[in-house]
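Take a look at this predicted model.

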Amino acid sequence: MLFVLPFSSILCKIIAGTGFPKNIQGKRKGEFPFYKVGDISNNVKTGYRHLRFCDNYIDSSDLKNITSKILPSESIVFAKIGEALKLNRRAITSMESLIDNNAIGLKGEKELNDLYLYFFFLTIKLEKYSRATTVPSVRKSDIETIPLPLPPLPIQRAIVSKIETLFSDLDNGIADLKTAQEQLKIYRQAVLKKAFEGELTKAWREQQSNLP
């Protein structure tokens, strides 16, 4: 049976980002990666689903300087304000992490598969739920209004498996297409080379030379 439910604390934790004081920025190593919207965007543009790199890290000793919640591993994160919101880029944390106050995170509860939530959210255009202001933005209360189809966990996992298979087929198709494009370039160069070496008209020229 398929239920369609709004986001709520029963289904999903919605975790707000936090301000990032400049005096603790700039550490390239540490216990926790601290992702800004630009880091999320750069990871997605590089082709990573799970976040792999960022420009800032913090340690446990820094946490007392900020009012923040640590996002669990496998949380879905994305921009919640500005032009970055319109890009609809989603990523998944690879470890316990923090995000800045221009981003927001989601973490599914027991009845919600993390990858199912991630793939579902790839279909959501956040601009549709943004507030009618000069700068588009969404809040926790806006996200809570998004209807979420919620089949039982085994079906969620089956859906994720099927998506992964189809995406893999698409990736293989793209790779084959790129190979074909490269081979086409080589073939075109070979045609041009033969044309100017006389190979393409050799038979015609021989035929002409045999005419009375």
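**Rings, a helix and a lysine**

Q: Is Phe-34 buried or exposed?
A: Phe-34 has a relative accessibility of 0%. Buried means under 20%. Phe-34 therefore counts as buried.

Q: Phe-78 and Phe-121 form a ring pair; how are the two rings arranged?
A: Their centres lie 5.0 Å apart, with the planes at 25°. Planes under 30 degrees apart count as stacked. So the arrangement of Phe-78 and Phe-121 is stacked.

Q: How many residues apart in sequence are the parts that Phe-78 and Phe-121 tie together?
A: Phe-78 belongs to strand E5, and Phe-121 to helix H3. Both residues are buried. The separation in sequence is 43 residues.

Q: Which residue has its charged end over the ring of Phe-78?
A: Phe-78 is linked by ring pairs with Phe-120 and Phe-121 in a cluster. A charged end also sits over the Phe-78 ring, 5.1 Å from its centre. That charge belongs to Arg-90.

Q: Why is helix H3 largely enclosed by the rest of the structure?
A: H3 spans residues 114–122. Among its buried residues are Tyr-116, Leu-117 and Phe-119.

Q: Which side chain of opposite charge is nearest to Lys-80?
A: Lys-80 sits in the loop between strand E5 and helix H2. Its contacts include Leu-85, Ile-104 and Val-138. Lys-80 is buried but has no salt bridge. The nearest side chain of opposite charge is 8.1 Å away: Asp-100.

Technical notes:
Residues numbered from 1 in each chain as written. Predicted model: local features only at pLDDT ≥ 70, side-chain atom pairs only at ≥ 80, totals over all residues. Heavy atoms only, no water. Buried < 20%, exposed > 50% of the residue type's maximum accessible area, 1.4 Å probe, protein only. Helix = DSSP H or I, 4+ residues; strand = E, 2+ residues; numbered from the N terminus. Lys, Arg positive; Asp, Glu negative; His and termini not counted. Salt bridge = Lys/Arg side-chain N within 4 Å of Asp/Glu carboxyl O. Contact = heavy atoms within 4.5 Å. Phe/Tyr/Trp six-rings, centres within 6.5 Å; stacked < 30°, edge-to-face > 60°. Lys NZ or Arg CZ within 6 Å of the ring centre and 35° of its normal. Lists of a residue's contacts leave out its neighbours within four places in sequence.
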